[in-house]
Amino acid sequence: LDIYGTEEAYRESFEHFTSLIRKGGYLILKEGAPVTPHTDASVKIFTYSESRGDFHAENISIGNGEIIFDFVAPDSRIAGIQLGVPVRVNIENAVAAIAAALLCGVGPDEIRQAMKSFGGAKRRFDFQLKRPDIVFIDDYAHHPAELLASIQSVKALYADKKVLGVFQPHLYSRTHDFYKDFAASLSHLDEVVLVEIYPARELPIPGVTSQLI
């Protein structure tokens, strides 16, 4: 981001942030993150990721519209964690959240209920309808990489189902810059319905329509 200027300044801001943790506190750090903590000697540092670190997940099951896994801590395990928003990246997000909750004294049953009931942000893999015969998900993925991640998540959750995507490009400029990447991401769907570009704050750009995709 331009507010940082350089990658080094971006990293330094997180390192400074770690120095604000009070004595006797905890730091939960992503496994392999290129950050050198500037913590007090009394701060206990833990690592996490989906599959490695002090806190991680095991026995991951993805299918039938659900993601379930076991949460593993250095001295305990919580089996049967079910995600309210079943997207693969949320396994790692959940591991970090559960680790923080556990260190704050939250019990296993409360953690299971919280993870299962968490609905996430509106329009971020937001289930509008979930029935045996049809599932409708609203997702505000408006960058090709986000779009691909969303599509891959749906395909993993419903491997035996036909997946139809209704896609409305957001912004003329973004469509102009990324139409080939959007096309590549959308090609992972079984069927696509393309609608006209949502212009938001922009005026039309000559020659830029959904037809580019």
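A: Arg-112, at 30% relative accessibility, counts as partly exposed (buried is under 20% relative accessible area, exposed over 50%, partly exposed in between, with a 1.4 Å probe and protein chains only). The model is predicted, with local features needing pLDDT of at least 70 and side-chain atom pairs 80 or more, whereas totals for chains, interfaces and linings use all residues. Residues are numbered from 1 along each chain as its sequence is written, and side-chain values use heavy atoms, without hydrogens and water.

The partner of Arg-112 is Asp-109, and the closest N and O atoms of this salt bridge are 2.9 Å apart (a side-chain nitrogen of Lys or Arg within 4 Å of a carboxyl oxygen of Asp or Glu). Both residues belong to helix H3, which spans residues 108-117, and are separated by three residues, about one turn of the helix (helices are DSSP runs, H or I, of at least four residues, and strands are E runs of at least two, numbered from the N terminus). Asp-109 is exposed, its relative accessible area being 59%.

A salt bridge also joins the side chains of Arg-88 and Glu-50, at 2.5 Å from N to O. This pair links distant parts of the chain, 38 residues apart, with Arg-88 in the loop between strand E5 (76-82) and helix H2 (89-103) and Glu-50 in the loop between strand E2 (44-48) and strand E3 (56-63). Arg-88 is partly exposed at 41% relative accessibility, while Glu-50, at 19%, is buried.

Asp-133 pairs with Arg-131 in a salt bridge whose closest N and O atoms lie 2.8 Å apart; Asp-133 is exposed at 58%, and Arg-131 is partly exposed at 42%. Elsewhere, salt bridges with shared partners join Glu-58, Asp-70 and Arg-77 into one network. Across the whole structure, the search finds eleven salt bridges.
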